[in-house]
Amino acid sequence: MNGYISYPRTDNTVYPSSIDVKEIARMLGSSGEYSRMSEAVLAQKKIVASRGKRRSTDHPPIHPTAVAQKANLSSDEWKLYDLIVRRFICTLLPAAKNKIIIATIDINGEPFIANGSNFIEQNWIKFYPYYKRRDVFIPQLKEGQIITVSGKELLDKKTKPPVRYTQGMLVEKMEELGLGTKATRHTIIQNLILRGYVSGNPLQPSEKAIAVVKMLKKHAEKISSPDMTSELEMYMNGIVSGDETKEDVVDRSRKMLSEVMTVLQNEKDEISQEIKKAIREDLVVGKCPGENCDGDLIVRTARKTKKRFIGCNAYPECRTTFSLPQRGLLVTIREECKHCGYPIVKIIYKGRKPWDLCINPDCPGKDEKYKNYNNNK
Ligand SMILES: [Zn+2]
Ligand SMILES: [Zn+2]
């Protein structure tokens, strides 16, 4: 993406006056892809750029700096470039107008409410396919109009628990809580994955992660909350702005952490027991499929070869074993294969999509990847 976009690691959402947004819009117009969008911007009597909540002076908001040709970029690069160009152009277009209709209908003294909405002026929305919008249609009604109830239904519903965080949602949450910076948030999540604390997308915590958080909450409340980290980030911003000295901040954080370390050291034994137990739990793959066996399958390491495999915890009565790929981080997810009912494990290689592996070598749903792995063994 060299040269096509400005420096990407910034939270800034306000264009500084040194950036000639009109000129950039004109430049983008020379590309066939964006000529209509560019025209829409330049046709305005006055261009008013939208302003976000965050303003910083380190870097301007991410914006295109040159016209890219689709043929010169990879497909992922083009998607990213397209997103940045469209987003940039949209910040220079007027707000969309939405008409909201709320109908309150009285049925035997009970109010029934219907909400409708539709866009009457699209403006930027028509150039931004990444924004999901939906018109909700309700018919024209007059005040006092009498309508007929055409049917009724009593629904039995349960409230759903909140959804798990996807990596994207987590980045937003971290931003909201003041954790990390645009440059580090992504790496923080990657480290949690590589160290076996979370896996998948949406992210799911391992037993070990739950135990570590529980243990920290119990013994070192302070470092388990986001407050301490955001406090530290705040101090560091204070150093940048000159309100704090580096020495004071280092001293204060050192004191804060040494208090916590003392507590942790004193209760080391209890803490290590709790975490060890959780790590053992994380090694449980699922129920043993062996005949007349109600043991659990667990990930083990062969004493001689140091190779990992799956064995039954009822050994030596049950001698069921399964082989495992030797490379990659293994995460137990306690899910069953939809083809054969055997347990599934997740194998994670750095920088690649995680692989859900059914441990049954004779599984009818076995994918090519596993067959290749077996042939190359
Ligand atoms: Zn068994
Ligand atoms: Zn299977």
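A residue is termed buried at under 20% relative accessible area, exposed at over 50% and partly exposed in between (1.4 Å probe, protein chains only). This is a predicted model, in which local features need pLDDT of at least 70, side-chain atom pairs count only at pLDDT 80 or more, and totals for chains, interfaces and linings use all residues. Residues are numbered from 1 along each chain as its sequence is written, and side-chain values use heavy atoms, with hydrogens and water left out.

- Cysteine 288 lies in the loop between strand E5 (284-287) and strand E6 (296-301), and cysteine 312, 24 residues apart from it, lies in strand E7 (residues 308-312); strands are DSSP runs of at least two residues (E), and helices of at least four (H or I), numbered from the N terminus.
- Cysteine 288 counts as buried at 8% relative accessibility, and cysteine 312 is buried at 1%.

**Helix packing**

- Helix H8 (residues 226-241) packs against helix H9 (residues 246-266) at an angle of about 165°, with axes 9 Å apart.
- The two helices, H8 and H9, are therefore roughly antiparallel (angles over 145 degrees).
- The contact (heavy atoms within 4.5 Å) involves residues including Leu232 and Tyr235 of H8 and Val249 and Met256 of H9.

Key
Chains lettered and ligands numbered in written order. Axes fitted to C-alpha atoms, helices over the stretch in contact; angles between N-to-C directions. Parallel < 35°, antiparallel > 145°, perpendicular 65-115°, else oblique.
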